[in-house]
Amino acid sequence: METVMQTSDLVAERQRIIREALWSEWDPIGVGHVPEAHGEYDTYAPSIYNLVVGDKHRDEIVDYLWWLETEQIGMPGDREGVERFADRLLKLRADFAKPR
């Protein structure tokens, strides 16, 4: 019999999905192709998860990603890339809302 995933397991799974998207789709420092560096963005996953599940507006997600990319990480920034990734996160929000 299938059981409902525990809340902590569900949060961990969703943060894992976000972490994978960070290095495979956002990756402002270009380390996504280096398996040893996949933990580079791990500390950002909980904050981004909270933005996604907290129903934050797209602009707030874009602003946070832009801040991460340009201020926290110190890259020149790719605004269009940040906006595309914010849209990807909004699709994840829709996926997360689907019953399991």
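**Exercise 1. Which helix holds Leu22, and is Leu22 buried or exposed?**

Keep in mind as you work that this is a predicted model.

Step 1: Find the residue. Leu22 sits in helix 1.

Step 2: Check its accessibility. The relative accessibility of Leu22 is 0%, so it counts as buried, the cut-off being under 20%.

Step 3: Look at who surrounds it. Skipping neighbours within four places in sequence, Leu22 is in contact with Asp27, Tyr41, Tyr44, Ala45, Ile48 and Phe85.

Step 4: Leu22 and Leu90 are 68 residues apart along the chain, and their C-alpha atoms are separated by 14 Å.

**Exercise 2. Work out what the largest nonpolar core is made of.**

Step 1: Start with the count. This core has 23 residues.

Step 2: Ile18, Leu22, Trp26, Ile48, Leu65 and Leu89 have the most contacts inside the core.

Step 3: Ask where the residues come from. Helix 4 gives the largest share, with 6 residues.

Step 4: Nonpolar side chains tend to be buried together in soluble globular proteins.

**Exercise 3. How do helix 1 and helix 4 pack?**

Step 1: Get the two numbers you need. The angle is about 155°, and the axes are 11 Å apart.

Step 2: Angles over 145 degrees count as roughly antiparallel, so that is how helix 1 runs relative to helix 4. The crossing is right-handed.

Step 3: Name the residues that meet. Helix 1 brings Arg14, Ile17, Ile18, Ala21, Leu22, Glu25 and Trp26, while helix 4 brings Val82, Phe85, Arg88, Leu92 and Phe96.

**Exercise 4. Describe how helix 2 packs against helix 4 and against helix 1.**

Step 1: Take helix 4 to begin with. Helix 2 packs on it at about 65°, with the axes 9 Å apart. That makes the pair roughly perpendicular, and helix 2 passes helix 4 in a right-handed crossing.

Step 2: Find the contact. Ile48, Leu51, Val52 and Val53 of helix 2 make it with Leu89, Arg93 and Phe96 of helix 4.

Step 3: Turn to helix 1. Here the angle with helix 2 is about 110° and the axes are 9 Å apart, which makes these two roughly perpendicular.

Step 4: Name the residues again. Val11, Arg14, Gln15, Ile18, Arg19 and Leu22 from helix 1 meet Ala45, Pro46, Ile48 and Tyr49 from helix 2.

**Exercise 5. What does Arg93 touch?**

Step 1: Locate Arg93. Its place is in helix 4.

Step 2: Go through the contacts. Leaving out residues up to four places away in sequence, Arg93 touches Leu51, Val52, Asp55, Lys56 and Ile61.

Step 3: Zoom in on Leu51. A polar side-chain atom of Arg93 lies 3.2 Å from the backbone oxygen of Leu51.

Technical notes. Residues are numbered from 1 along each chain as its sequence is written. This is a predicted model: local features need pLDDT of at least 70, side-chain atom pairs count only at pLDDT 80 or more; totals for chains, interfaces and linings use all residues. Side-chain values use heavy atoms; hydrogens and water are left out. A nonpolar core is a set of buried Ala, Val, Leu, Ile, Met, Phe, Trp, Tyr and Cys residues joined through side-chain atoms within 4.5 Å. Buried means under 20% relative accessible area, exposed over 50%, partly exposed in between (1.4 Å probe, protein chains only). Helices (H or I, at least four residues) and strands (E, at least two) are DSSP runs, numbered from the N terminus. A polar contact is a pair of N or O atoms within 3.5 Å; within protein, one must be able to donate a hydrogen and the other to accept it, and residues adjacent in sequence count only if both atoms are side-chain atoms. Contact means heavy atoms within 4.5 Å. Axes are lines fitted to C-alpha atoms, for helices over the stretch in contact, and angles run from 0 to 180 degrees between N-to-C directions. Angles under 35 degrees count as roughly parallel, over 145 as roughly antiparallel, 65 to 115 as roughly perpendicular and the rest as oblique. A crossing is left-handed if the near helix is turned anticlockwise from the far one by less than a right angle, and right-handed if clockwise.
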